[in-house]
Structures are given as structure tokens and as C-alpha cells.
Amino acid sequence: MRPSSVVLKLIMALSGVLLVLFLFAHAAGNLKIFVGAEDFDHYAHWLRELGTPLLPDTWFLWIQRVGLLVAIFAHIWAATVLARRAAKARPVKYAHRPKVQGSYAARTMRWGGVIILLFVIYHILDLTTGHLNPEGGDADPSARLIADFAPERWYVTLFYTVAVVAVGFHLRHGIWSAARTLGQQTKKNEFRAQVIALVLAVVLVAMYLSVPFAVTTGLVG
């Protein structure tokens, strides 16, 4: 049985909300590096112990990781199916696309999603498992973070920046599109949705980029 477009949009919305909440929570945790390496490591170890003794050590993290992967692939799947249906329903391309669909954020949603997916995979292998990190997987989380964004590894910081900016565009357009889908199409509500989407996107990008830039420039280390 094929899911309706309404169900697919609901899946996109719910998975998107889950991912946004995680992104802000994760960004807030990353900012602990500015308090000190010891506090950052304590936070990282606390995450590993979260849920104990009800759950074995690190189980909460793995449940979280699996849940996030499910949310990511559900988001991608729903978006892909909706895009294909829209293409089939409009076999002849418009001579002039509406401005909202022709915006920069809208045009970059697809390749931005690919960059984000690749970044998630790299991020896990780098700072989570340590396979791609200079310090390896046995080093303290703060040591891995500082080694990862060292000045000589500028290319990692650059890739991180591109991925985070892509997340910002994705978030901005996603929130605005969701507001339109929910019927916020009056000029006042549309403007409000644009402002909220832009502010959330800028704040999230600033939170994430502040850490690698601080390490690369020597403010943290």
C-alpha cells in the first residue's frame, strides 16, 4: 500500500523536528569545550553513562544513534518519494518556475542533503569511533576534537564548514516550507515564518562553526 502524500509530509515533518532538536542539543554540548577540556570530557563520559543502571554502559548512545539514522533515512525517503510524485504530476516543465522554488536554498536542497549525509558518516568515523582521527578512538573526546581541527588540518575545517552551512540552508528552507504546508500563506505569517527559519538557521550554524574556528585559530587548545 502506497503511503499518501499527507503521510509522507508528516513523516518528513516529524523526522525533521527530531533531527533539529538533536542538532541544537548536540551543538549546546559542543560549546562546553569553551568552558574547558575537563568539562567537555566529563560531558562526553556522562553521555556514555546516561541511562545506567537501567541500561548498560553506552547503550543510550547507540539507541540514540540508531534512532537518528532511522530519522535521517525516513526523511530522505519521504522527500525522494514526494519529489518523484511531483515530477510525474508535472511532466512538462514550467517556462518560469515560481520564485519560492527558484530560491537558492530550494535549489540546493538535494545536493545539500548529500553533503550532510556524507558529513554524518565522516563525523561518526572521525569523532565518534576515532578511525579517521589523528588521536584515534582511545583518546579523550577533547583531545580528538582539538586534533581534528588543528591548523594543519584546514581541509577538515573547510569540509565541516561547508556541511554546516548546507545544514543551515536545509533548516531554513525546511522550516519555511513546513509553515507553507501547514497553511501559513498570508503575507504576515509567511514573513514571520521566514524570520524564524532564518534566525534558527543562523544560530545553529554559529553554534557549530564557533568550535572548529576557535580550535583552528588557537582560541581553544
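Reader: What percentage of the 221 residues in the chain do buried residues make up?
Author: This is a predicted model, in which local features need pLDDT of at least 70 and side-chain atom pairs count only at pLDDT 80 or more, while totals for chains, interfaces and linings use all residues. Residues are numbered from 1 along each chain as its sequence is written, and side-chain values use heavy atoms, with hydrogens and water left out. A residue is called buried under 20% relative accessible area, exposed over 50%, and partly exposed in between, with a 1.4 Å probe and protein chains only. By that definition, the buried share of the 221 residues is 31%.

Reader: Which pattern does the chain follow when read along the sequence?
Author: Helices (H or I, at least four residues) and strands (E, at least two) are DSSP runs, numbered from the N terminus. The chain has nine helices and zero strands, and along the sequence its pattern is α-α-α-α-α-α-α-α-α.

Reader: How many residues apart are Phe-119 and Tyr-160, which form a pair that links distant parts of the chain?
Author: The structure holds six aromatic pairs, and rings of Phe, Tyr and Trp (its six-membered ring) pair if their centres lie within 6.5 Å, with planes under 30 degrees apart counted as stacked, over 60 as edge-to-face and the rest as tilted. The rings of Phe-119 and Tyr-160 have centres 5.2 Å apart and planes at 75°, so this pair is edge-to-face. Phe-119 is in helix α6 and Tyr-160 in helix α8 (residues 154-181), and their separation in residues is 41.

Reader: Is Tyr-160 buried or exposed?
Author: Tyr-160 also pairs with Phe-149, and because the ring centres are 5.1 Å apart and the planes are at 75°, that pair is edge-to-face as well. Phe-149 lies in the loop between α7 (141-148) and α8, so the pair ties together parts that are 11 residues apart in sequence. Phe-119, Tyr-122, Phe-149, Phe-159 and Tyr-160 form one aromatic cluster. Since the relative accessible area of Tyr-160 is 7%, this residue is buried.

Reader: Why does Asn-133 count as buried?
Author: Asn-133 is found in the loop between α6 and α7. Contact means heavy atoms within 4.5 Å, and, not counting residues up to four places away in sequence, Asn-133 touches Asp-126, Leu-127, Arg-144, Ala-147 and Asp-148. Asn-133 counts as buried because its relative accessibility is 7%.

Reader: What distance separates the C-alpha atoms of Leu-18 and Leu-68?
Author: Leu-18 is in helix α1 (residues 5-30), and at 44% relative accessibility it counts as partly exposed. Leaving aside its neighbours within four places in sequence, Leu-18 is in contact with Gly-67 and Ala-71. Leu-18 and Leu-68 are 50 residues apart along the chain, yet the separation of their C-alpha atoms is 8.0 Å.

Reader: At what distance from the ring centre of Trp-62 does Arg-65 lie?
Author: A charge sits over a ring if NZ of Lys or CZ of Arg is within 6 Å of the ring centre and within 35 degrees of the ring normal. Arg-65 lies over the face of Trp-62, and its distance from the ring centre is 4.4 Å.
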